Amino acid sequence: MPKIRRSLNKSTKIILNYVLGGALFTWLTFAIIRQIRHQDNLPAAWAHIQEIVADRGWVLLLMVILMMLVNWGIEARKWQILVRPLEEVPFRRAFGAILTGVSVSVSTPNRIGEYGGRMLYLSNASKLKSIAATIVGSFSQIIATLLFGLAGSIFYIYRFDVEGLPAVAPGFREKLTLALLIGVCVTVLFLYFRLRWVVSLVDRVKWLRKVKVFIMVIVRYSPSELRTLLYLSAIRYIVFTAQYLILLYALGVAFVWWEGFFMISVIYLVMAAIPTVAIAEIGLRGSVSLHFLGLLSANAAGILAATVAIWLINLVLPAAIGAVLLLGVKIFRDK
C-alpha cells in the first residue's frame with residue numbers, strides 16, 4: 001500500500017509539474033503575445049526605440065536590463081525575509097518565485113496573480129500562509145510609492161497649475177489634495193507598524209476567525225524586519241525610477257533629472273490608484289506619462305518610447321522568463 005501511494009504521489013507530481021506547467025506556459029505566452037500585438041502606438045514606439053538605440057549604442061539599454069535584475073532581485077530578497085517565519089527559501093528559488101509571480105500576474109487585475117505564482121515555490125503547509133506575508137511586502141512597496149508620490153505631488157502642485165502652466169500659488173483644492181496625501185501616508189505608516197491590530201480585528205469578527213491561522217505570520221515580524229522591508233522597497237523604487245530616467249535620456253527626452261524623478265513619482269502614484277491589468281496597462285501608462293512628463297519636454301515620441309521600453313523590460317521580459325520557469329517548477333516542495 002505505501003508503495004502504491006508513493007507511485008501515485010510521483011505520478012501526481014509529474015502531471016502537475018509538466019502537464020499543468022506546460023499548459024500555464026502556453027496560456028501565458030499566448031496572453032503576452034496577444035496583448036503586445038494589440039497595444040496602441042506600439043509599432044511606432046518600437047521603431048523609435050530601435051532608431052535611437054542604433055544611433056546611441058546599446059550600453060544604456062543593457063544597463064537598464066541589468067537594473068531590471070537588480071529590481072526583481074530586491075523583491076526576491078524581500079520575499080525571502082517575508083516567508084522566513086514559514087520556511088527557509090534560498091535566494092535562487094525566491095528569485096524564480098518572483099519571476100513566476102510576474103508571469104502569472106500578467107492577465108490578472110492589479111497583479112493579484114503574483115500571490116499564486118509565488119506559492120508554487122513553497123511547501124503545501126506554507127502556501128496559503130504566504131499570501132499574508134506577500135501582502136505585507138506589497139504594503140511596504142505601497143508605502144514607498146506613497147511617500148515618493150507625496151514628494152512628487154508637492155513639486156507638481158507648486159510648479160504647475162491645472163493647465164500645465166507655471167503655478168503662482170497652490171489653491172484650496174491643491175492644498176486639500178496634499179493634506180489628504182499626507183494623512184494617507186501617516187495612516188498607512190502607522191498601520192504598517194501595528195500589524196498585530198489586523199489579527200486582533202480578525203479575531204473579533206466571527207466569520208473571519210477561520211482565516212486567522214493563515215494571517216498569524218504577520219505578527220511574527222519585528223519592527224526591525226518591517227523597517228528593513230521598507231528600506232528595500234525604497235531602494236527598489238529608486239532603481240526602477242532610475243531605469244525610467246536612463247531610458248528617457250537615451251531616447252532624447254531632455255529635462256533636469258530631479259524634476260523628471262518627481263514627475264515619475266507622480267506617474268507611479270496615479271498608476272497605483274487606478275485598477276488595471278498589468279499586461280494591458282501600457283496604454284494608460286502612456287497617456288499618464290505624456291501628460292506629466294510632457295510638461296517638462298515636448299518630445300512626445302521619446303516619452304512614449306521610454307514608457308513602452310520600461311514596460312517591456314520590467315514586465316514583459318520577466319514575465320516571459322517566469323513562464324519558462326513554470327515548465328520546471330516543483331508544485332509540491334517538502335523542503
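Reader: Is E75 buried or exposed in this structure?

Author: E75 is buried, with a relative accessible area of 6%. Keep in mind that this is a predicted model.

Reader: Which side chain does E75 meet in a salt bridge?

Author: The partner is R118, with 3.1 Å from N to O. E75 sits in helix α3 and R118 in helix α5 (residues 113-119), so the bridge ties together parts that are 43 residues apart in sequence.

Reader: And R118, buried or exposed?

Author: R118 counts as buried, at 3% relative accessibility.

Reader: Which residues are in the salt-bridge network with E75 and R118?

Author: The network links E75, K78, E114, R118 and R236. R236 also lies over the face of W72, at 4.6 Å from the ring centre.

Reader: How many salt bridges does the structure hold?

Author: Seven. One of them joins R84 and E225, whose closest N and O atoms are 3.8 Å apart. R84 is in the loop between α3 and α4, while E225 is in helix α11, 141 residues away. R84 is partly exposed, with a relative accessible area of 34%.

Reader: What does E259 form a salt bridge with?

Author: E259 pairs with R159, and their closest N and O atoms are 2.7 Å apart. Since E259 lies in helix α12 and R159 in helix α7, the pair ties together parts that are 100 residues apart in sequence. E259 is buried at 12% relative accessible area, whereas R159 is partly exposed at 32%.

Reader: Changing topic. How many aromatic pairs are there?

Author: A search of the whole structure finds 15. One of them is Y156 with F292, an edge-to-face pair with 5.2 Å between the centres and 75 degrees between the planes.

Reader: Where do Y156 and F292 lie?

Author: Y156 is in helix α7 (residues 129-159) and F292 is in helix α13 (residues 282-293), so this pair ties together parts that are 136 residues apart in sequence. Both Y156 and F292 are buried.

Reader: What about W258 and F262?

Author: They form an edge-to-face pair too, at 6.1 Å centre to centre and 80 degrees between the planes. W258 and F262 are four residues apart in helix α12 (residues 257-273), which puts about one helical turn between them.

Reader: How accessible are W258 and F262?

Author: W258 is partly exposed, at 40% relative accessibility. F262 is partly exposed as well, at 25%.

Reader: Which aromatic cluster are W258 and F262 in?

Author: The cluster is made up of F148, F155, Y237, F240, Y244, W258, F261, F262 and Y268.

Reader: Now the nonpolar core. Which residues touch the most other members?

Author: The largest nonpolar core has 83 residues, and those touching the most other members are W79, V136, I218, L247, L248, M263 and L293. Elements that give two or more residues to this core include α3 (59-83), α4 (91-105), α8 (172-192) and α14 (300-325).

Reader: Which element gives the largest share?

Author: That is α11, with 12 residues.

Reader: Why would nonpolar side chains be buried together?

Author: I can only give the general pattern: in soluble globular proteins, nonpolar side chains tend to be buried together.

Reader: Back to V136. What does V136 touch?

Author: Leaving out residues up to four places away in sequence, V136 touches L82, Y192, L195, I218, Y221, L226 and L229. Of those contacts, I218 is also listed among the core residues that touch the most other members.

Terms used:
Residues numbered from 1 in each chain as written. Predicted model: local features only at pLDDT ≥ 70, side-chain atom pairs only at ≥ 80, totals over all residues. Heavy atoms only, no water. Phe/Tyr/Trp six-rings, centres within 6.5 Å; stacked < 30°, edge-to-face > 60°. Buried < 20%, exposed > 50% of the residue type's maximum accessible area, 1.4 Å probe, protein only. Lys NZ or Arg CZ within 6 Å of the ring centre and 35° of its normal. Core = buried A, V, L, I, M, F, W, Y, C linked by side-chain atoms within 4.5 Å. Contact = heavy atoms within 4.5 Å. Salt bridge = Lys/Arg side-chain N within 4 Å of Asp/Glu carboxyl O.
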